[in-house]
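Open the model in your viewer and switch to a cartoon view.

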Amino acid sequence: MTEARESAGPHAGRVPGTPCWVSLMVHALDATEEFYGELFGWEFLPGPQQLGPYVRALLDGREVAGMGQLPADHRLPVAWTPYFASEDVDRTADTVRLCGGTLAVGPLDAAEAGRMAIASDPSGAVFGIWQGSAHLGTSITGVPGTPVWNELVTYETESVAKFYRSVFGYEEEPVVSADFDYLTLCLDGRPVAGLHGVGHGLPQDRGPYWRTYFEVADLAETLRQVTGLGGRILKPAHDSPYGRLATVADPEGAEFSVVQGPRSRWSGIRAEGPVGR
């Protein structure tokens, strides 16, 4: 991984507000491990069990992401959830409430790993807050099988941007375009995440949500694997300023994007338009 790519990666610096981890809660944990293990080459080790069975995904022995088992009566959509770094989860959680968000879980301790909370913004999009201790978050990026970007898919960016700016102190770089509603969120001038307003293009069966992008070495082969392992292709492969992209879903319906492209492009993300454009 290049130094520039690392600076834009999900674990860079642990500056408050930096995306530092992604986690997926599912109904069939064993089957989900099999899907992602085959797709990305992940191995799995047990993690904190405060919210039920939970594993950490490893790539070359380094932590990439987390997966947990949902209670049997859980009916909310299965989705990848980004966690944002905080120096004080309790204080960040209070700010979330004051700014119109909702706390769904915590704050609570995750054994010796750290302290966490799960929240939603005023539009309903779910995200996590992580105060690392023994576990700082994703420890490898810039290679196939690792998260490279997180993007909020929402109705419109203006109002929700105020929320994230107030909670995490982001700077914003808007797209200057009449056709696209997009903001890049930055910390100290470094792009860390995006907000994509799609208006009525948001699926009617779900509200706003965060989407995680994973790097792959061969997009065509990855898409063949997705369907062969029981997943679905939601948006076929297409070119973008950041490489070749596709959006897929795993067998339980968790949506994510996969990208194959020049790594240097991701280190220079600016307000050029939606990544998945």
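Start by selecting strand β16 (residues 255-260) and its partner β13 (residues 209-215), which run parallel and share three bridges. Within this pair, Y213 has S257 of β16 as its bridge partner. Strands here are DSSP runs of E with at least two residues, helices are runs of H or I with at least four, and both are numbered from the N terminus; two strands count as paired if DSSP finds at least two bridges between them.

A word on the model: it is predicted, with local features needing pLDDT of at least 70 and side-chain atom pairs pLDDT 80 or more, while totals for chains, interfaces and linings use all residues. Residues are numbered from 1 along each chain as its sequence is written, and side-chain values use heavy atoms, leaving out hydrogens and water.

Now show the whole open sheet: eight strands in the order β10-β11-β12-β9-β13-β16-β15-β14, with mixed pairing. At its edges stand β10 (171-174) and β14 (232-240); each has a single partner strand, so one side of each lacks a neighbour in the sheet.

Next, go to β11 (residues 181-187), where six of the seven residues are buried (under 20% relative accessible area, 1.4 Å probe, protein chains only). Strand β10 pairs with β11 in the antiparallel sense over four bridges, and E171 has C186 as its bridge partner. On to β12 (residues 190-197), antiparallel to β11 over seven bridges: look for D181 opposite G197. Finish at the β11-β12 hairpin, with two residues between the strands and, in the turn, D188 at a positive phi of about 55 degrees.

Note on methods: Buried < 20%, exposed > 50% of the residue type's maximum accessible area, 1.4 Å probe, protein only.
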